[in-house]
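Have the structure open as you read.

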Amino acid sequence: MRKKLLIVEDELHIRTLLEQVLEDLEDEFNVEVLTAPDGEEGLRIIRDERPQAVFLDIMMPKMNGYEVCSAVKDDPELKDTIIVLLTAKGQEADRKKGLEIGAYDYMTKPFDPDEVMELAKELLQIVD
Amino acid sequence: MKPLRKYLRPAFLRRHLDEALALLESGSYLAVTDDVGEVLAQAGQAPAEGSELPGPNGLGLDLALEGTVLGRLTVLGNEQTSPDSIAPQARFIHRSLQEILDRESLRRALADETLDQYREAALMQRAVVQLNSSMKVQEVVRNLLDECGSSVFPAEYGMIFLKDGTLEKFQCLGSFCQVGEPALHALSDSRLFREIMEHGKGEIINDLSQDERWQDEIPGLATLLMIPLQAPRIALGALVLASSDQEKTFTAAHLKKASTLASVTGVAMANAYHFEQVQQILMALVKAMATAIDARDRLTAGHSQRVAQYAVNLATRADLDQSLCPQVNFEDTDLQELFYAGLLHDVGKIGVREEVLTKATRLPRPHLELIGLRLALWGELTGRQWQDVYARFEIINKAYELSEEDQAIIHRFCQETLEVGGATLTILTDDERKRLLTPRGNLTPTEWDEIKRHPQESHRILQNIPFTFYFPNILNIILQHHERLDGTGYPSGLAGDDILLQSRILAIVDVYDSLRRDRHYKKALSQEMALTILQQESRLGKLDTPLVELFCRDILDIEKAVGQGLPLLPGPDLLQ
């Protein structure tokens with residue numbers, strides 16, 4: 001089965017950059033990269049498309065990352081979705097809170113592309 | 001260049017073609033295929049399987065980037081249309097797709113640039129933290145190698161060379177490959193190495209066999225990346241990465257990354273180097289101070305240096321021997337602190353008068369000669385042998401300990417009198433008697449008090465030197481080095497666990513070294529005798545028993561390690 005990775009990020013350039021990094025996994029890992037520009041749309045895609053892993057920004061309009069994360073973790077059907085939170089640099093409190101509500105890991109922006117790649121591979125291996 | 005579906009995502013293409021289809025007569029067909037003819041997306045009435053495309057009533061328009069055809073848009077009209085009649089719409093749809101393709105390509109190129117910057121920034125950040133985490137040159141080198149070994153470089157060989165200003169040749173400070181010393185020298189002696197160092201810029205050589213500067217100095221190397229490491233005015237070095245696999249070529253990105261690391265490393269090395277320089281200056285000053293103190297008295301020359309080294313040797317062994325000394329745990333900085341404490345423990349003797357410090361006799365020579373004159377006169381008058389008595393006094397004057405017979409003679413000559421010009425003199429005055437009867441050594445109680453002040457004097461002299469940042473206990477270690485476990489020591493009469501472990505170590509090695517050398521009041525003892533005395537002192541509860549036991553057991557090694565340099569402290573130059 002083709003796996004899916006979802007990027008939920010309101011800032012277009014960050015979303016685009018992340019997408020470009022993760023796209024490199026598409027062929028090797030038979031994975032599709034999906035994107036969403038806000039939390040609501042992100043949650044909808046999580047419900048409809050059932051991605052295995054989600055890169056989720058915290059600060060977003062409409063529905064922030066914590067809310068999306070909590071909604072996913074509270075839903076018995078979705079709770080196994082792996083969530084990686086994206087935080088602005090230096091906001092350690094974000095990280096702690098995120099891990100408490102069930103996020104798998106967190107990443108600070110601006111991110112290291114190599115690190116994102118490694119993390120994504122790790123997630124795909126967990127899914128296997 | 002990537003395949004077409006990376007630029008024009010199939011999901012997007014399907015929507016786009018669906019909408020474009022509305023521009024055409026019903027029954028038309030649109031498809032985008034990639035460079036091998038696979039359909040990425042299509043809309044409308046698909047033609048029969050196997051039919052020739054675009055066919056007589058269709059159009060095929062190439063989608064290309066920078067002259068490379070990545071795929072094709074196929075537009076088919078229905079049965080009634082001719083290619084000419086659909087040409088305007090077809091060109092419009094084509095142009096829109098081509099435009100999206102161009103922009104997508106540009107966006108990707110810009111994103112790649114940005115990602116590279118992110119990568120660079122992340123690397124820089126990591127490198128600054130990791131490489132600057134140590135103030136030791138050797139550790140900076142290790143960190144750099146770890147970074148190179150763990151990251152994207154296609155290298156099985158990694159080496160770092162450095163040359164100190166004082167050295168002729170480059171030395172390899174670290175590597176992550178199995179290359180012998182001779183091969184490393186051959187590399188740093190090669191023309192390639194020399195010329196890159198002279199040029200001062202990093203280089204990639206992806207075919208070493210074709211490079212005339214390379215004479216196969218390390219056989220089997222195929223590709224190489226070398227970057228000079230520069231720390232201004234100090235050290236010159238190089239990072240060399242290499243592979244024996246011809247396929248593992250280095251790219252401009254690798255060179256850039258290595259340059260970033262090299263520049264951070266240069267700063268880190270300069271820091272570490274300056275730090276070590278300061279340490280060395282401090283060390284040299286401390287040694288000079290210790291030498292100056294020891295030099296006040298020729299018999300104590302080298303004493304402080306030996307005490308420092310013995311103390312560290314004993315402490316190291318105590319740390320290792322968990323059965324004899326289970327509580328002992330010394331870190332490297334503790335050992336350094338102990339070393340400095342050893343060097344400086346007698347600094348306070350600078351405040352002790354030289355005549356007390358070097359006092360060899362109970363009475364000064366002229367004073368004894370005066371007694372000799374009295375004896376001679378007494379001999380004349382009484383007709384008794386006086387020369388033998390005088391000889392005896394000379395021995396008593398220098399003796400470390402007095403026998404009962406000696407004491408009897410002194411008492412006797414306090415009674416012997418002499419009539420001179422109507423006055424009656426005793427041969428020895430009361431004061432002379434007291435001084436000659438000094439039980440041990442030859443110092444009077446006042447003089448002893450002066451000597452005993454030296455630990456406090458050391459403390460007073462050193463307290464304003466900001467050692468405490470590195471060595472929080474050094475002043476107390478020095479202050480307590482004459483304390484004894486049974487409370488009979490000085491200056492404070494501390495006992496038992498109130499005395500620092502380091503001070504107990506210092507006490508043992510200080511006593512030992514004093515016993516083993518000549519002093520003004522005694523001859524040097526043999527090793528065996530000296531150890532026996534230490535054991536007695538330990539039995540009397542003055543010295544720490546397990547430590548003395550360990551010291552006696554390992555004395556050969558503890559003494560031998562002197563003169564082998566000071567392994568714990570920054571060496572005389574960068575390369576140690």
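At what angle do the axes of helix α8 (residues 303-320) of chain B and α18(B) cross, and within what distance do they come? The answer is roughly 130°, with the axes coming within 9 Å. Bear in mind throughout that this is a predicted model.

## The α8–α18 pair

With an angle of roughly 130°, α8(B) ends up oblique to α18(B). Over 145° would have counted as roughly antiparallel. As for handedness, α8(B) passes α18(B) in a right-handed crossing.

On the α8(B) side, the residues that meet α18(B) are B:His303, B:Arg306, B:Val307, B:Tyr310, B:Ala311, B:Leu314 and B:Ala315. Facing them in α18(B) are B:Ile505, B:Leu506, B:Ile508, B:Val509, B:Asp510 and B:Asp513. Sort the contact of α8(B) with α18(B) by class and you get 9 nonpolar, 1 polar and 3 charged residues.

## α18 and its other partners

Next up is helix α9 (residues 332-344) of chain B, whose axis comes within 11 Å of that of helix α18 (residues 501-516) of chain B. These two axes cross at roughly 45°, so α9(B) and α18(B) are oblique to each other. Again the crossing is right-handed, with α9(B) passing α18(B). The contact joins B:Leu338, B:Ala341 and B:Gly342 in α9(B) to B:Gln502, B:Ile505 and B:Leu506 in α18(B). In the contact of α9(B) with α18(B), 4 residues are nonpolar, 2 are polar and none is charged.

Then there's helix α20 (residues 545-553) of chain B, which packs with α18(B) at an angle of about 45°, the axes being 10 Å apart. That makes α18(B) oblique to α20(B), and the crossing of α18(B) and α20(B) is right-handed. The contact is built from B:Arg504, B:Ile505 and B:Ile508 of α18(B), together with B:Leu547, B:Val548 and B:Phe551 of α20(B). By class, the contact of α18(B) with α20(B) has 5 nonpolar residues, no polar ones and 1 charged. If you're clicking through residues, B:Ile505 is a handy one to pick: B:Ile505 meets α8(B), also meets α9(B), and takes part in the contact with α20(B).

In soluble globular proteins, nonpolar side chains tend to be buried together. Here the largest nonpolar core has 48 residues, and those with the most contacts inside it are B:Leu144, B:Ile160, B:Phe161, B:Leu239, B:Val240 and B:Leu241. Helix α7 (residues 252-295) of chain B is the biggest giver to this core, with 8 residues.

Zoom in on B:Leu144: leaving out residues up to four places away in sequence, B:Leu144 touches B:Leu131, B:Ile160, B:Leu239, B:Leu261 and B:Thr265. A second, separate core has 45 residues, including B:Tyr340, B:Ile477, B:Leu547 and B:Leu550. Of these, B:Leu547 is also part of the contact between α18(B) and α20(B).

## Where the chains meet

How many residues does each chain bring to the contact? Chain B puts in 9 residues and chain A puts in 11. On the side of chain B that touches chain A, helix α3 (residues 83-131) of chain B gives the most, with 8 residues. The class tally for that side of chain B is 5 nonpolar, 1 polar and 3 charged residues.

## Each chain in outline

Chain A has 6 helices and 5 strands, and from the N terminus on its elements run β-α-α-β-α-β-α-β-α-β-α. Of the 128 residues in chain A, 36% count as buried. Among contacts in chain A with a separation of 6 or more, 59% link residues 24 or more positions apart.

Chain B comes to 21 helices and 11 strands, with 34% of its 576 residues buried. For chain B, residues 24 or more positions apart account for 64% of the contacts with a separation of 6 or more.

## A stop at B:Arg15

B:Arg15 sits in helix α2 (residues 10-21) of chain B.

Technical notes:
Residues numbered from 1 in each chain as written. Chains lettered and ligands numbered in written order. Predicted model: local features only at pLDDT ≥ 70, side-chain atom pairs only at ≥ 80, totals over all residues. Core = buried A, V, L, I, M, F, W, Y, C linked by C-beta atoms within 7 Å. Buried ≥ 20, exposed ≤ 12 C-beta atoms within 10 Å, placed from the backbone. Helix = DSSP H or I, 4+ residues; strand = E, 2+ residues; numbered from the N terminus. Contact = placed C-beta atoms within 7 Å. Nonpolar A, V, L, I, M, F, W, Y, C, P; charged D, E, K, R; others polar. Axes fitted to C-alpha atoms, helices over the stretch in contact; angles between N-to-C directions. Parallel < 35°, antiparallel > 145°, perpendicular 65-115°, else oblique. Left-handed = near helix turned anticlockwise from the far one by under 90°.
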